[in-house]
Each structure stands twice: as structure tokens, then as C-alpha cells.
Amino acid sequence: MAMEKNSLPDLKKLIQVLNRNIAAFQRNNVARFQALHSYGSSGFRKVFLLVPVFIQVNHPSIPGYLEEDGSPRGIYGFRDSKFQQISQEMWPGPRNEWDKAITSLRPVVESLILMGSSGSVGHTSASDLDYWVCVDTMKIRAETLDLLRKKLNLISEWAARTHSTEVNFYLINTEDVAANRLRPQGEEAEGEVAPLLLKEELYRTILLVAGRAPLWWALPAGTSFRQYNMILDNMSEFEPHGFYSADYIDLGFPLRPDPQEFMAAALWLSQKSEADPFKGVLKMIILLEQVESKLQAPLLCDLVKAAVLTAGDAELPVDPYAITIGRVLDFSLRKLTEPELELVRISAYYKVRGPLDRDKETEDTPKERLLRELVEKWGWDRHKTDDYNSYSSWPDRRKLGLGQDVKNLLFTVYKRVAQKLMEDYPDQVTTEDQSLNQLTAKILSRYSGHQAKVEDLPSSIHRKTLPHFMTLVYYRSRWGLYGGRLEAWQAGTEEFDGRLIYECSRAARAAAWLVHNRLVNSNLKLTLRPRPGPVGLETIIELLKKLVELFPTLPHGSLSEKSHWTTGGKGPRLLVLNLEEPWHETKMKSVDLIYRTAWGEMRHSALKLDSPVSEAEKAIATAEKLLETGEMRIEDVHYFAPPEAAGKRMRNNLQAAVVQTLGGLRRRREGPGAERKMRLDTD
């Protein structure tokens, strides 16, 4: 197809611009490589340097080795990359075999790309390596792709085992990316609900490790969608003039998302931010700026690109996270309240420094220079920065308090985004899509204040900082989980208040909280300081084991069927009998009901049974209450009872009542007094 007149500069000038732009991109790429070495740990750096080599080579002594004949390997243009020298230095075999081992006549990987914070000020000690492994599925058989996945999994396992570094490989078909068909990768669902926003982030944060460069980065800033496609269609005409299409990859044009995608992204972020709420705040503010500008604010990838293409050597690297943070802070200063603004500042600070990072203020890096500039601009004094730098040593209650404040901010911004979208685009925004319905349910679950809901920890960051040794204490008719060891008389005192992690009125709820928040593992050491009564440490430990068995940890953030906590509302229900009653009690006095909803909530209700009612009526009333939790099967109902003979009898009575009620074998009793069979207390 011939190019339209006056649509683009003449061919010679255009090719000069394209070559100049890709050279600018490569210079910034190299500068970010250097930044990655500055910010990353020794293990992180080692993994980064070796991953491309392991993909290029298939040898028994090298991680990622596959025994199958014709095992897939190789990255386009690897021998022209800096990793060529690394591979030669580490080659374990005879030198005369090295050239054959390193050469791949038909490399399967078109381009190996890092996306995210690598090589930017956003890198912290918690950062991982997220590789996009770009392939052309038109050239590769399905069996070959399966083998490539196997090879990549072996490399990920090596990185985690040998260097404690998380490496995620996302196997991407280039044609799908260009057409914005971004399917879920692993447990990540962002590409499914917000493909254009994910592509924008890819172009903004991209670090080309090896392989073909993205064509979009060679084009001038401000190139339109139509011009992009015209250049793409006429690439063959450029080759005689020194611009070779084989060196480039088409990942598509970063189009502006529509209102529905912004809604989907806000829903997804509200759920995903459980992993890192500080990063989540920054991303949510980016959405808010777009929405409140009626989707007219410039895309961040365009701002980053313009900066890269005009930067001098002294301005390198152009840092995508620094530009993003600056944009977020400018908007927040104009549009948020002072308390909200301060939480955004804290989020930006912890995204750059990392709440669990060690203090490196003496190092003169772009990261530390940015932090000093921000702190001075905000008016934070030395005492305040020292305090935020010592996050790890904060009292548990304070860390959890900040987490809750940030979580509340995320929900506030989400509601603001959703409301504005529905006001401005009522005909374009819907949550009727099945995947969005699932996300909405999970968000409502995360932010729900339902009194029966077992509370969530604010985020994974706060989970990591909690002590492994905890004491469960009964005091003032309440149960409290404290960090460390203490005696019952110390609970509730000002001296130990900062160590209080969680408080409730029932021991079963405390156990459910530990399991729901993924704190029950081999590292947890739990001791008990009970009131005078029957609840012993052995009983609590057995209850925890039962809860872990019934409610195993499942992945967060996925929209796949397998990730549903329960299917169609079905799932285990646990009835805990007389957990806190005197050991000599022979009648059923209390039942703790614990179950998980279809959208991920753990729920607990305490059923206190009135003593004048017969044991049979108590059992029937409990079974009827069980029916209110949703559809279930008889085999879904489980029991935890005291080990004494009375406990066994209570369990048998209750089990018989449940079987009758769920099986439809008992006629509903009519008559006065039916409403006073039990009293339900929710904590």
C-alpha cells in the first residue's frame, strides 16, 4: 500500500527520525540497566544477568535444561546483546563446543522484556522480575510452547531456590498483544479486564532485555494510531534505506481506554492492592486523574516517551516511576483533602524506599536524590523521615492502623472513580460482565463492615511484619492476640497496648482470623494465657488444624473458576461446640459457626443457646440457622467438639438434626415459643 501524501515526512527524513528515536530508547535502556544494578540485591542482579543466558542455552549443567530433543530455546539477536559475553564466561564445557551451544538458528523468543519497577526508583527489596516472553505462535507448535513453559518454570524455581528472587514469566503471543487480547497470566487478571491500561504500563515501564525492540518506541512522540499503522504497513519500503523490520516487534498502538475499561481497572486495583497498598494508591490516583479530566489527561507512556526522546546524557535515565509519582502528587495536591494528600505522600515515599528496606540514605543514587527532593518539598523534618524509615520497629497496632487508613483511602478513591464514570458515561459503564461481577463481589467483601465478617489484615506488607510468636490472652471478657510473650495481667495495659494485633469476644473467631489471614504456618509460635476454664492451648491448636484443613489458602486476585472460594455458595461449614464452656458441662450451651462465602469472606457467628430449651430443640435450631448460610450438602457440615463423652453426644445430636434438616426428613415444628430457641450474637 502506498503511503498517503502529506501524511508523513519524506522517507529519508522519517528513517532518520526512527533511527534517532530508537537510539535514544536504547541509551535510556542502558542507563536503566545500570540503575537496576545499583538498586537490586546481589541475588537480584545475578538472576537478571543469567536469565537470558538460560533461555538461550540448553545444557545439563545450566538451569532450565530440558532433555527432550529439539527443546525450544533462544532469543532473537542474543549474540548482539551484552549477555553474549556473560554466557561465554560461564560456559562449563570445552571452548570448541561453546559456539554451537550458544547459537540458536531458530530462536523461539522474539523479545524478552521486563515490565514494572526494574531499573527505576520504584524498585524496593520486595520487587520481583516480571518478564514478558514474546513469541509468535504462528511459528511455534503447541507442544513447543508447553516445553518452553516448562523451561521457564525451571528457571523461576532456580531463582527462588538459589537467590531468593521471585521471577515471573508471562508467555505472550505478539499478535495478541498488538490486538489487545491480553489473557490472564498465572493469577494476574489485569490483562483480561483492562488490556489497554496494561499495555500503557508496559510501554511506560518497559526495559528491553534482549530481542526485537518495540516499533512504537521508534516512532516520533505524538504519532497517531493511523500513522502508526501506515508505517507498519510500509516497513518493507524502509529496509533499503537502513531501517530493518526484522529488528522490531509490533506490540500495537497504546490506544486510550474507554470508560468501561477504567471502571474495570478500578475494580481490579481495589482487589489487587491487597498485595501492595502503597503502589495501589498511586495507580488508583492515576485512574482518578483520567476520569476527572473526562479521559483527556495525557497517557503517562506518552509523557515518558517524550522525555526519553529529548533527554540529554546528563538527564539519563529517564525514570518512568519518577514521572508517575510526580504526576500523582501534583494531582493530589490540587484535588485531595490534606489527610488524603498525606497518605498519598506516605504511599509515594514507601513505593520509592520500601517500608521494609534498610536505610541507604548515604548513597548518592537517583532514588535517594528523589527522596530528599520530595521530603524537602513536603516539609518533612528529620524526625519524621527517621520515624517512617523505622517502620519495621513500629508497634503492631500502629502498622495495622496505617494499613487500615491506606485501605480506606483506596476505597474512597475507587468510589470517586466509579461515581464519576457512572455520572459522565451512564450508557457505557456496566458491571454486568461476569468477571466484573466477581470483582465487585470481592471488593465488597474486602471493604465490607458486616458484623459476622472475620476481619482482613490491610495488606500482605502488614502480614509480613507481624511477629511469629503470639500470645492469645483472655481479659475483660475479650480475647486478644498480642505480639510476643506476655501474661494475662499485662493485657490491656498501656505498656503492652502497642503489641495488640487483634481483639474479639470468642476464641473461635480469633482462630478463624489467624487462618483467614494466612498466619497459621510452620513459623507461627502460639501460646495461651486463658481465663480459668476449659480452653487449653492443645484445643486451640487442634481447632486451627481443622480450620486450615477446611479453609486452605487460595490465590488472590484471579478471576478464574479455580480461584473461587466456593462454587455457587457451597463449601465447608464448621460448627464448634461448647468451646468456652466449663469442662464438666454436659449440655450444649454455645455453638460457633464458621464458614466462607462464595466471594471470599470468612464469617463467624456465635450461637448462645437458651438453657430452658431441650437439647433436641437446640440442635434443630442450630441446624435451621445453618440453612441461612446458603446452599450446602450434608457432607459439607463439619464439627469440632470437646473430647469428653458429653462432647461426643452433643455432636451426634447436632449431626442428626443437620441430616434431618438438610435431607428434608423433618417436618417444621409449629407452635408458640419457636422464636426463643436460640439467640444469635455476631462479633
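User: What should I know before reading the numbers?

Analyst: Residues are numbered from 1 along each chain as its sequence is written. In this predicted model, local features need pLDDT of at least 70, side-chain atom pairs count only at pLDDT 80 or more, totals for chains, interfaces and linings use all residues, and side-chain values use heavy atoms, without hydrogens and water.

User: What is the strand order in the open sheet of four strands?

Analyst: Start with the terms. Helices (H or I, at least four residues) and strands (E, at least two) are DSSP runs, numbered from the N terminus. Two strands pair if DSSP finds at least two bridges between them. Here the order is E9-E8-E7-E10, with mixed pairing. E9 (500-504) and E10 (525-529) stand at the edges with a single partner strand each, so one side of each lacks a neighbour in the sheet.

User: How many bridges join E7 to E8?

Analyst: Six, and the two strands run antiparallel. Leucine 472 stands opposite leucine 481 in E8.

User: Which strands does helix H21 touch?

Analyst: Contact means heavy atoms within 4.5 Å. Helix H21 (residues 507-516) packs on the sheet and touches E7, E8, E9 and E10. Helix H22 (residues 537-550) also packs there, touching E7 and E10.

User: How many disulfides does a search of the whole structure find?

Analyst: A disulfide is a covalent bond between the sulfur atoms of two cysteines. The test is a pair of cysteine sulfur atoms within 2.5 Å. The search finds zero.

User: Is cysteine 301 buried or exposed?

Analyst: Buried means under 20% relative accessible area, exposed over 50%, partly exposed in between (1.4 Å probe, protein chains only). Cysteine 301 has 0% relative accessibility, so cysteine 301 counts as buried. Cysteine 504, at 1%, counts as buried too.

Note on methods:
Axes fitted to C-alpha atoms, helices over the stretch in contact; angles between N-to-C directions.
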